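Please report on the predicted model shown here. Cover its sheets, its helices, the contact between its chains and the overall build of each chain.

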Amino acid sequence: MSGGVDSSTVAALLARQGRSVIGLTMQLWNQRRLPELVPEGGATGRCCSLDDVYDARRVAEQIGIPYYVVNFEEQFEERVVAPFVEEYLAGRTPIPCTLCNNYIKFDRFLEMADAVGAHHIATGHYARVRQRDGRYQLLRAVDPSKDQTYFLFGLTQQQLARTLFPLGEMTKTEVRALARSFDLAVAAKSDSQEICFVPNGDYAGFLSAWLRERGERVPSAAGPIVNSAGRTLGAHAGVHHFTVGQRRGLGIAAGEPLYVIRTDPESQQVVVGGQHELLRSQLAATEVNWISIASPSQPVRAQVKIRNKHAAAAAWIEASAEGRVEVNFDEPQRAITPGQAAVFYQEDLVLGGGWIE
Amino acid sequence: MRHVYFDHNATTPVAPQVLEAVVSCLGQTYGNASSIHYFGQAAKQRLEAARRQLAALIHANATEVVFTAGGTESDNMALLGMARTARPVSGRRHVITTAIEHPAVLAACAQLEREGVAVTRLPVGAAGVIDPGDLRTALRPETALVSVMHANNETGVIQPVEEIARITREAGVPFHADGVQALGKLPVDVKALGVDFYSMSAHKLYAPKGVGALYIRKGVRFSPLLFGGHHERDRRPGTENVPGIVGFGAAAELASQSADDLPQMASFRQKLEQAVLDRIPGTGVNGAGSPRVPNTTNIYFNGIDGEALVIALDLRGFAVSTGSACSSGAVTPSHVLTAMGLPPERARASIRFSLGLSNTAEQVDALAEALEESVAHLRRISVHA
């Protein structure tokens, strides 16, 4: 129970259905940390704030269920935040939400469910699970604008077997209406941001502050901005400020709009180019998890999403080595970004996914 | 489900006699104790009667008892007040405390540090007790105050307060003892203990929350923290919380009577420890070999996440705690257990049980049984994790 409308509605819904429900809030991040990142007047969209815990506790009280705050800050730091920083420094664009799902929300949290004797965990994620052909399968949510399966491709059969996603069949509008019908005070609360522990989306500022807190120097990653022919066009303050496809913040006046094509932490180069240079037809993905089907021995036809807001594009997926696949798109795709996930779909079914190299 | 309370170090239920005293005061003796008229005088009388009741419990003069809004305020008042008194007079800019104090002392010391006062935190051994020799070594000519708790809130371990007082008296340094967890669980005689300041809290003594007291030995120079009226002999301004204070007084009187019940409480604690140690392998009592208040035991259950055990027990109807109550549910391993040399995983696997006057032998048996089942369950699932 994050204190938001989605998980609150799930709790209320299950309690109304007469299930025996225990409310848990995961304390993942200490809001007193890195105060320098919080602008005057407060930051927006932060997780685990005292206000959110207050809201969750209120909902639990209102629907009459036991409620506890459990502290997973240490695991979150180790499994989500530290890798997040590492990935950025390595020139990739990480997705902490997927790591959080894999290692915290559907792992540590499931252990806590075991500890309190709960058979299932229920969350406010927009996704669906069904049983078919002796497996648990993950399916897209009915509401395409809210579908969160892109972040859930790493779940295992055991995790899916014990997970309830009651909101997968509903639209956000229906969820809010349901919350209002339950008279939940959070019914009109605004949606949270994606990277909950980074205030105001300033991840470069977060990186510096987090490293300073650990007594580590922020790597001086200043370097040149070059074009694909190797000509220097300008300078930048660090490759971790840039992500593939980014247009703003380059500080270069050029005839045609310039985009970041790739970053190279080794040479500290940011390579820029025109829109057309962002197009690629192929990607390699590692740590592939086939979530809904057995690991295929033949090439698979699928629609592949390369970032959360990407419209999945038709491709062939072929295993190249253990846990690795090559994805060949029918049409070139814009800004394939290392560190993001490639998630494979067949219509609503989530076949699996992996991390883009 | 029936809920049974084993968390009396967090707070206690208000005793029926105390409740009666508070309610009668709320309804009838509503005057402002500073007012000249009949109503004010009636309130003042009850206020001073309560002061005498509490003074009698700790063998102090009534004039040495200052009522506050709780233990945290009393601790802050002693530490910040003393540092403020000492500095301009003699340039004393050093405070000695211990690593195992309550946050009300440790955080106040951290604030003093930010204000330029040096702070020494004495270590404790595995037994949870400071070595008075360490105190001798730590004393400096500029030491303004020594602050050592009487009994620890997490383990119940008692510090050698008399011996510490002898050392500080020799050195001419004022001595504050945080007595919040000792009052009502031990005979407290501030004269015999030799303390200059002694913090107390009403809600640990079957009285309401929001009331505390600080004993300030007659003759000790002291600067107040708050400014306003002339209440509490200029040491703590603000209209007195007369109903709460009256409750504190009633509780103090009860405490001197209920001292006879303490041996039974100790026997229940013994029963609980024995049952756990006999029936659950991989357990032990933290601070077992040291003198402890009779109601507290802190037990580790190897391989268990203490937070999970607290929740599992709560769902079975038993209220216990991982240590000091924390509103946000944050858990860094207990600073007390860590200071006693427990590795983090054992500190995290430790649970505090604190008994009260109303706990029964049957409740202790039921708790031991619930513990046995819950610990077995948690150990079973952590094999899969």
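In chain B of this predicted model, 3 strands form an open, antiparallel sheet in the order β9-β10-β12. Strands are DSSP runs of E of at least two residues, helices are runs of H or I of at least four, and both are numbered from the N terminus. Two strands pair if DSSP finds at least two bridges between them. The edges are β9 (283-285) and β12 (350-354) of chain B, each pairing on one side only. From one strand to the next, the twist averages 25 degrees. Helix α10 (residues 262-279) of chain B packs on this sheet and touches β9, β10 and β12 of chain B. Contact here means that the C-beta atoms of two residues, placed from the backbone, lie within 7 Å. The direction of α10(B) makes about 10 degrees with that of β10(B). Such angles run from 0 to 180 degrees between N-to-C directions, with axes fitted as lines to C-alpha atoms, for helices over the stretch in contact.

Residues are numbered from 1 along each chain as its sequence is written, while chains are lettered from A and ligands numbered from 1 in the order in which they are written. In this predicted model, local features need pLDDT of at least 70 and side-chain atom pairs count only at pLDDT 80 or more, whereas totals for chains, interfaces and linings use all residues.

**Strand pairs**

Strand β10 (residues 296-301) of chain B pairs with β12(B) in the antiparallel sense, over 5 bridges. One bridge partner is known by name on each side: B:N298 faces B:R352 in β12(B). Chain A has antiparallel pairs too. Its strand β11 (residues 279-290) pairs with β14 (residues 324-334) over 6 bridges. There, A:A284 has A:E326 as its bridge partner. β11(A) also runs antiparallel to β16 (residues 349-356) of chain A, joined by 4 bridges. In that pair, A:N289 is bridged to A:G353. Strands of a sheet pair through backbone hydrogen bonds, either parallel or antiparallel.

**A buried helix and a buried loop residue**

How much of helix α11 (residues 306-315) of chain B is buried? The count is 8 of its 10 residues, so the helix is largely enclosed by the rest of the structure. A residue is buried if 20 or more other C-beta atoms, placed from the backbone, lie within 10 Å of its own; it is exposed at 12 or fewer, and partly exposed in between. Among the buried residues of α11(B) are B:E307, B:L309, B:V310 and B:I311. Just after α11(B), B:G317 takes a positive phi of about 95 degrees.

B:M340 sits in the loop between α12 (335-339) and α13 (344-348) of chain B. It counts as buried because it has 26 C-beta neighbours inside 10 Å. Leaving aside residues up to four places away in sequence, B:M340 touches B:V124, B:A126, B:G128, B:N286 and B:G287. B:M340 and B:E101 are 239 residues apart in sequence, yet 12 Å apart in space, C-alpha to C-alpha.

**Where the chains meet**

In all, 14 residues of chain A are in contact with 13 residues of chain B. On the chain A side, α2 (50-63), β2 (67-71) and α4 (96-115) each give two or more residues. By class, that side has 9 nonpolar, 3 polar and 2 charged residues. Nonpolar covers Ala, Val, Leu, Ile, Met, Phe, Trp, Tyr, Cys and Pro; charged covers Asp, Glu, Lys and Arg; the others, Gly among them, are polar.

**The two chains overall**

Take the contacts between residues at least 6 apart in sequence. In chain A, 65% of them join residues at least 24 apart. In chain B, the share is 74%.

**Confidence**

The model scores ipTM 0.83 and pTM 0.88. Chain B averages a pLDDT of 94, and 96% of its residues score at least 70. pLDDT is the predictor's confidence in each residue, from 0 to 100.
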